[in-house]
Amino acid sequence: MKKIHVVAHTHWDREWYFSDNEAFIQFSYHMDEVIYALENNELDYYYLDGQLSIIDDYLKVYPEKETKIKTLVEANKLFIGPWYTQMDEFVVAGESVVKNLQIGIDMSKRLGGHTSLGYLPDSFGQGKDMPKIYNGFGITDAVFWRGMPNEVTKSREFYWTAEDGSKVLTINIRNGYYAGVALVEGELYQKKNVLDLVSEDSATEIVTLPVGGDQRAVDRDLKTIIQNVNEEFGTEYKIEESNYPHIFNLLREKAAELPTVQGEFMSGSVSKIHRSIYSSRYDLKKLNDTIENRLIFQLEPLMVMADDLGIPFKRELLDYIWKLLLKNHAHDSIGGCNTDKTNEMILARYKEADQLSYSTIDYLVRKISESIKDIQENDLVLFNTLPYTRTDPYIVEVSTKQADIKLFDESNNELEYQILSTKKVYAGEVRRSESEYDEAKYYYIHNVSFVQETKPLSYTIVTVKEQPSKSDNNKTSLIKETVIENETYKISYSKGDFSILVKDQGKTYENCLYMEESGDEGDTYDYSPAYYDQIHQLSFDTTDITVQTGKFLSKMTLKGSWLLPKDLQARKLGELNAEINYTFTITLHKDSKRIDMTIQVNNQALDHRMRLVVKTPVESTVSYADTLFGIVERNNQDPHIHDWQALGWKEEPTEIYPMIHCATIHDNDTSWTLMSKGIKEYQVMNSRLYLTLFRGVGFLGRPELLRRPGDASGNQYRYIPTPDSQLLGELEMSLSLMIADVFDPANVQKEYQLYSVTSPYYQVQTLNRFTNPIQYFQSNKVDQLLPLKEFFEVNCSNLVFSAMELSRDSQWLNIRLYNPSLDEPVSNEKITLATERNVRFVALNGDLLESVGKVKDVSLGTFKPGEIKTVSIER
């Protein structure tokens, strides 16, 4: 006899085709009903969607309800957490997932504790690293719905593993978290049907049936309904109210009967998975990337440095900014599949997190710089917030009274530099007529590039000395030749085509960069080709080209325009009636292994997609992309691309894949990697690497897409226009290409960090009071700036540095590293400390795993493939 365990719950989208304010009004009443139902035994148990953010919002308005919630949680009637928000797993950074759990679990502690369950019922697919993240928080059970293909396992209960051996006992919900609504609302035959359906693929007699749905009110008659159904079908099924901890305890007794599976799950065979949502609302995803990198690689390390110097670490401020960002990581929010009104609120949170994070950095670098003993006017303080020495070129702005400068290091050695640009600026009071300006009140802002080695988690001082006479030795040169080069590459342009000479390989790759534009008759969930499509291959054909060369940076800039169909009707008629202006810039830095590119377009077309195409010589059937804590190998052609409809799949398994920052194809001869700042989608076809720059669509959901037959996603009953999702106007995309002999995923990630993480700096000067919004105002110096502590340097060539964080008790500095390899362990790596310190290894949640003792050289032991380790160093 099958035992049906009914789990009463709600799935609460913070926002979607409604705003979070609109949802909150409903939740403020819903939560009252939940408390009443549990206190009055209308329900035995209730699961509150595994996220704390909705409770956080509720308690800000109704703080007096905290005691009731805590009482119900401690009584194991109300189940909360462990997440702060129901996040996406494919386009946010791994450290964002860690922060999501850290903040969610920390918040739940004062509310009676969290449910130790990896609960993500509606995320658009499951990332392969989730078991090891869960295990890092002591979580050994997981529940999800979307993405699991039938061919992996027929059982709905299984063990899900990662390549490092991490393992979670998992329930894959049959037909969605809302399947059990039929038990409450259906006719008798429908109640029987749902019991039969959810029982089909269960490996044991233990069957899970969640009863709830999106923003669903409490089912107050659930006990009576269960009693009636038991009376009707008691010979086949025994139905009872239950909860997930109890269900998993029962399943664990049946471990021998359960299969084991591994990997990521993003199949549309049994549920919509929206395999092209990664390019919806590119503008929001770009902002997310910027803020994530700033929080992880700049702000928290800088706050730790400031704390050592005597400026207290503000945990509450950091958590507040993270919460703003994490609210935008809810699967619909980060997906971009929302109304324009909702996306405006998401954008507002991004802007708030952006301003708070960069302003904190601006404040700290100024406070530290102006408090340094014997600091002088015009001194330039350079900060390295990464745990390894930086020798890549700085690009900074300095303000001087004179038109020329020289740079000197702390030993008074003159530094080579390159002036990228200089502009003359007025410092006096503004007037309507510039003829009234006093010539003596002008100054110069120089954009300068130079190399100055900066130790990890430290700062160094460069002195800017003004020169009365002007020298051309350090200027950027304008040349007529359409060629730029550095130590690694020589890039030539002719008649719209680019050729790249890779000097180490001695090979030239011809005509390797171009654009592709096509129609998009999809929606905010999915790209889908237009019913009457035209695909345009666009070269960068232009007569407006500028080439600048110098010691530290060379740049080629092309400006032009493309004629494209203005909308789907024009595309159908073959008209080219929209002009899209573009600026394409390629930059080579001194000694860099990257080719940095920026594409600016003024988008004036509707319902279309634009992709950068890199033509490579690589012959491979698979591609690689970075994941939360590792890499993944994916087929360039899905085995069911031709028979998916005959199999009854929910959407076409187009080989469009997510990447967090990087995508690679390689063979035995060469490796080509594209990395980006905010672009999240790629595809490989015929040795070409396609990166989706953006796509514009006009509806939240559309029915009967070529790639996704059937009803519309989001809201099946009406069209919801989203004109803002057309992304009309100015857009800017940043990406970088690396061509190497072999694919080295650890090195790719380090290059990405150098590419995406700029070094904060501050010039001590009073000429320009507007270097940042708060520069204008007076600030007190620190009474006594303490010496900056030297901690360590991370030089682990086969491991990836992921984060540096201060422990919640502020006593330990945690350094997170991981092995990105899919199959190779890493041994013999170490971290060398400046002095002997107590060292330990901790889990992602900070729990002690192993005490090492007081050491100077920290042996990291063996990293299994994909393994994450956190080294904790006493301050």
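Trainee: How many disulfides does the structure hold?

Mentor: A disulfide is a covalent bond that joins the sulfur atoms of two cysteines. This is a predicted model, and the structure holds 0 disulfides.

Trainee: Are Cys512 and Cys662 buried or exposed?

Mentor: Cys512 counts as buried because its relative accessibility is 1%, and the cut-off for burial is under 20%. Cys662 is likewise counted as buried, with a relative accessibility of 3%.

Trainee: Let us turn to the sheets. In what order do the strands of the 6-stranded open sheet follow one another?

Mentor: The order is S24-S23-S29-S36-S35-S32, and the pairing is antiparallel. Strand S24 (535–538) and strand S32 (657–658) stand at the edges; each has a single partner strand, so one side of each lacks a neighbour in the sheet.

Trainee: How many bridges join strand S23 to strand S29?

Mentor: Strand S23 (residues 513–519) and strand S29 (residues 608–615) run antiparallel and are joined by 7 bridges. Within this pairing, Tyr514 stands opposite Val613, and Met515 stands opposite Leu612. S23 also pairs with S24 in the antiparallel sense, over 4 bridges, where Glu516 is placed opposite Gln537 of S24.

Trainee: Which residues of S23 lie on one side, and which on the other?

Mentor: In a regular strand, side chains alternate between the two faces of the sheet. Here Leu513, Met515, Glu517 and Gly519 lie on one side of S23, with Tyr514, Glu516 and Ser518 on the other; both groups are buried, and both faces are covered. Since 7 of the 7 residues of S23 are buried, the strand is largely enclosed by the rest of the structure.

Trainee: Which residues have the most contacts inside the largest nonpolar core?

Mentor: They are Leu78 and Phe792, in a core of 208 residues. Helix H10 (residues 282–309) supplies the largest share of this core, with 13 residues. Apart from this core lies another, of 18 residues, including Val7, Leu117, Ile247 and Leu258. As for Leu78, leaving aside residues up to four places away in sequence, its contacts are Met31, Val34, Leu38, Tyr46, Leu48, Ile69, Leu72 and Val73.

Trainee: Is Lys132 buried or exposed?

Mentor: Lys132 counts as buried because its relative accessibility is 5%. This lysine lies in helix H5 (residues 130–136). Beyond four places away in sequence, Lys132 touches Ala162, Glu163, Asp164, Ser166, Phe629, Leu844, Gly866 and Ile868.

Trainee: Which domains does the domain assignment of the protein give?

Mentor: The assignment gives domain 1 (2–262), domain 2 (282–371 + 771–776), domain 3 (379–470), domain 4 (483–756) and domain 5 (800–874). The C-alpha centres of domain 4 and domain 5 are 36 Å apart. Their contact takes 9 residues from domain 4 and 8 residues from domain 5.

Note on methods. Residues numbered from 1 in each chain as written. Predicted model: local features only at pLDDT ≥ 70, side-chain atom pairs only at ≥ 80, totals over all residues. Heavy atoms only, no water. Core = buried A, V, L, I, M, F, W, Y, C linked by side-chain atoms within 4.5 Å. Buried < 20%, exposed > 50% of the residue type's maximum accessible area, 1.4 Å probe, protein only. Helix = DSSP H or I, 4+ residues; strand = E, 2+ residues; numbered from the N terminus. Contact = heavy atoms within 4.5 Å. Disulfide = S-S within 2.5 Å. Domains from an automatic or database assignment. Pairing = 2+ DSSP bridges.
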